[in-house]
Amino acid sequence: MISTIQQAEFENRFPFIKQCSPAFVASFYSKAQYAELPAASSICDEGQHCAQLAMVLDGVGRVYKLSTSGREVTLYRINAGESCVLTASCIMNGDSFPAMAVTETIVKAVLISPANVVDWFCQEPQWQQFVFRLLSHRLSDIISVVEEVAFKRIDVRLAEQFARALANGDSVLDKTHAELAADVGSSREVISRILRDFSERGLISTHRGRIEIHDQSALIELAKH
């Protein structure tokens, strides 16, 4: 069961609950569990069965694939007001988790058991729509990642990361070369080489765990290629 304060926070992040039947809402809040996970902790490993569906109230989680060589590819991030499509899919199909999931920050979430995820899908139309929207939205994200990794140059994908940061009003990225490599599906060595080239061209400057963007227009133009 979650507290009244947590219920209010949940309704703010997941407004669909306000459209649900009173019986479902009562059942939901009585069976849901609140959890707070520390940063850099494992949520689920590849091959494990999902123990719950986490609906994030605050913080960021990351879902990624890990190759046998140790190379990471970020599939998507889970922010406040979102949940994990792979977890939902695995619960609905009874499959094991096909990726890795970790917290990037402290994560506050409401946890739903697999049995309730399935039962409510058959009982409450609004819950069913929430799951369908989750599947539709996140699967399109994953397809975009596959297209980028398969068809776009790494320097262009890296420029896209900077362009997204600029669009959010950030001209400084607090990320390591390894983290950027995971985001664009490359190796740390390749990313370091491209960042060095960007730096020599005056587009950015790099520091330990931090990258400052200097030539915004050039990076945005490169991201369009």
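Some ground rules. Residues are numbered from 1 along each chain as its sequence is written, and side-chain values use heavy atoms, with hydrogens and water left out. The model is predicted, with local features needing pLDDT of at least 70 and side-chain atom pairs counting only at pLDDT 80 or more, while totals for chains, interfaces and linings use all residues.

Let's start with the whole protein. It has 9 helices and 10 strands. These are DSSP runs, numbered from the N terminus: helices are H or I with at least four residues, strands are E with at least two. Along the principal axes, the C-alpha atoms fill a box of roughly 60 × 35 × 30 Å. Of the 225 residues, 44% count as buried. Buried means under 20% relative accessible area, exposed means over 50%, and partly exposed is in between, using a 1.4 Å probe and protein chains only. Contact means heavy atoms within 4.5 Å. Take the contacts with a separation of 6 or more: residues 24 or more positions apart account for 70% of them.

Now the pockets. The search uses a 1 Å grid over the protein atoms alone and a 1.4 Å probe; a pocket is an open set of points with protein on both sides within 12 Å along at least five of seven lines, and lining residues have an atom within 4 Å of a point. Points are joined across faces, edges and corners, and a volume is the space filled by probe spheres set on them.

The largest pocket has a volume of about 980 Å³. Its lining has 34 residues, and nearest the centre lie Thr74, Arg77, Gln161, Lys175 and Asp183. Elements giving two or more residues to that lining are strands E5 (72-78), E6 (100-103) and E8 (172-173), plus helices H5 (125-151), H6 (154-167) and H7 (177-184). Which element gives the most? H5, with 7 residues. By class, the lining has 13 nonpolar, 7 polar and 14 charged residues. Here Ala, Val, Leu, Ile, Met, Phe, Trp, Tyr, Cys and Pro count as nonpolar, Asp, Glu, Lys and Arg as charged, and the others, Gly among them, as polar.

Let's zoom in on Asp183. It sits in helix H7. Is Asp183 buried or exposed? Buried, because its relative accessible area is 11%. Its side chain makes a polar contact of 2.4 Å with the side chain of Lys175. Another polar contact, of 3.2 Å, joins the side chains of Asp183 and Thr74. A polar contact is a pair of N or O atoms within 3.5 Å; within protein, one must be able to donate a hydrogen and the other to accept it, and residues adjacent in sequence count only if both atoms are side-chain atoms. Beyond four places in sequence, Asp183 touches Thr74, Arg77, Gln161 and Lys175.

The second largest pocket holds about 310 Å³. It is lined by 23 residues, with Leu37, Ile43, Gln52, Ala54 and Thr87 nearest its centre. That lining has 16 nonpolar, 7 polar and no charged residues.

On to the cores. A nonpolar core is a set of buried Ala, Val, Leu, Ile, Met, Phe, Trp, Tyr and Cys residues joined through side-chain atoms within 4.5 Å. The largest one has 44 residues, and Phe28, Val63, Leu86, Phe97, Ile112 and Trp127 have the most contacts inside it. A second, separate core of 23 residues includes Ala165, Val184, Leu195 and Phe198.

Leaving aside neighbours within four places, they include Phe16, Phe24, Phe28, Ile112 and Trp120. Two of those names come back in H2, where Phe24, Val25, Ser27, Phe28 and Tyr29 are buried. The buried residues of H2 pack against helix H1 (4-13), E3, E7, H4 and H5.

Strand E7 holds Ala109. Ala109 counts as buried because its relative accessibility is 2%. Its contacts beyond four places include Gln33, Tyr34, Ala54 and Leu57.

Ala40 is not a glycine, yet it has a positive phi of about 60°. Most residues other than glycine have a negative phi. Where is Ala40? In the loop between E1 and E2. Ala40 is exposed, with a relative accessible area of 69%.
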